[in-house]
Amino acid sequence: MSGFKPSLIGLLVLTAACQSGLPERPEQPLVESIPEAPSSADSERDAAVLTRIDVYGASAPDAAGARVVLSFEGAPLFRQKQLPAEGVLPARIAVELEDAVWGDAVPVAQSIERGGLLRVRLATPNPRVVIDLQPGASGRVFYLTDPYRIVVDVTRAGKPLKKRRPLVVLDPGHGGKEPGAANDRYGLVESELALTLAELVAERLGEIMPRARVMLTRSTDVDLSLEARCAVANAVEGDVFVSIHLNASPEPVRKGGITTFVLDTTNDRQALRLAARENGTRVSEVTGIQSLLAKHHRKGQQKESLSLAADIQRNALKSGRTVLPKLADRGVRRAMFYVLVGARMPAVLLEASFLTYEPEARALGTRSYRRALAYGIASGIASYLRDH
Ligand SMILES: [Zn+2]
């Protein structure tokens, strides 16, 4: 059985209380003995368990940022403290957990020293995870659900902007244990198609915009978490991030079509359902979490994302219609896709066609339609980059 789940209201109140200045406990000294896992005896039967700490994006020595993801069984209340450097202690972010323990496999300390991160470590007496920052780095904290994760995005101190070739980060959706949607009748699997399309887009960009560099978040059929994808794009300072998916519906579809999404809150039922499916969550989680995540929006970035989305939508549709003249335009829309949260560049998620709409499913099995879609997506990206 999983641990207790606090209501989202509770979490929101806690966050709000922190911001309005709850008296803070003095920070414990940070030179500590190796912490014991907090006891889970007695009344703490329902304590959440910190099961993993993953660090993404910090593989290159010059990473512009990094992301720390704390994964839990159960959902602990937490509060964050941003603490300035003092004496020998670096600036740091402490994520204080309430009613939580950590598993034996969680490392007590990991030295990173890249992407703004010095190290990630566990500390006691109150169980907390401390993220030590490199000089000048900053970070922000949010959470995702199903499973419950606390995410800390760290940005390295600004480096001088140098003129460089634009970098396009393409993200083929799903992969590995998560094949995404499928159409058995036509032998179509979303993860495979998304990768094929991404490879074709990369190839095409090389032809029409040789100046651009292209990077794929995955180039094989591997598991890749939603959090990892945009963390990688941030770390390499991508200029655009395009997550490629195929749509599907459990109900019969009367028209398929193409949609390009930007990250935003929405009340649209269809968009909520789609976001829940792509996030691997329930609809109630998406609606609950989006008000909290809305705070992390950068308005300027959203304007650019809308512009990128419009370019991709228009070009993919135009090119797709060379093969399927009646291909429907579902437009540029907004939804809460976890994969886009925290992106520091214009970022969109494309649903390139419907696996469950017969004419599109049939066409997706052909090389000509795949190529038409990919060429359109590439033209859209190139068009955006030329104007910006
Ligand atoms: Zn998908």
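Biologist: Which residues in H2 meet residues in H8?

Modeller: Thr196, Leu197, Leu200, Val201, Arg204, Leu205 and Ile208 of H2 meet Arg370, Arg371, Leu373, Ala374, Tyr375, Ile377, Ala378, Ser379, Ile381 and Ala382 of H8 (contact: C-beta atoms, placed from the backbone, within 7 Å; helices, H or I of at least four residues, and strands, E of at least two, are DSSP runs numbered from the N terminus). This contact comprises 12 nonpolar, two polar and three charged residues (nonpolar: Ala, Val, Leu, Ile, Met, Phe, Trp, Tyr, Cys, Pro; charged: Asp, Glu, Lys, Arg; polar: the others, Gly among them). The model is predicted: local features need pLDDT of at least 70, side-chain atom pairs count only at pLDDT 80 or more, and totals for chains, interfaces and linings use all residues. Numbering starts from 1 along each chain as its sequence is written.

Biologist: At roughly what angle do the axes of H2 and H8 cross?

Modeller: Two packed helices are described by the angle and the distance between their axes. Here, the axes of H2 (residues 190-208) and H8 (residues 367-387) cross at roughly 55 degrees and come within 8 Å.

Biologist: How many residues of H3 are buried?

Modeller: In H3 (residues 226-235), 10 of the 10 residues are buried, so this helix is largely enclosed by the rest of the structure (buried: 20 or more other C-beta atoms within 10 Å of its own, with C-beta atoms placed from the backbone). Among them are Leu226, Glu227 and Arg229. Just after H3, Glu237 has a positive phi of about 55 degrees.

Biologist: How many residues of strand S18 are buried?

Modeller: In S18 (residues 347-354), eight of the eight residues are buried, and the strand is mostly covered. Glu351 of S18 stands opposite His245, and Leu350 of S18 stands opposite Thr260.

Conventions: Axes fitted to C-alpha atoms, helices over the stretch in contact; angles between N-to-C directions. Contact = placed C-beta atoms within 7 Å. Buried ≥ 20, exposed ≤ 12 C-beta atoms within 10 Å, placed from the backbone. Pairing = 2+ DSSP bridges.
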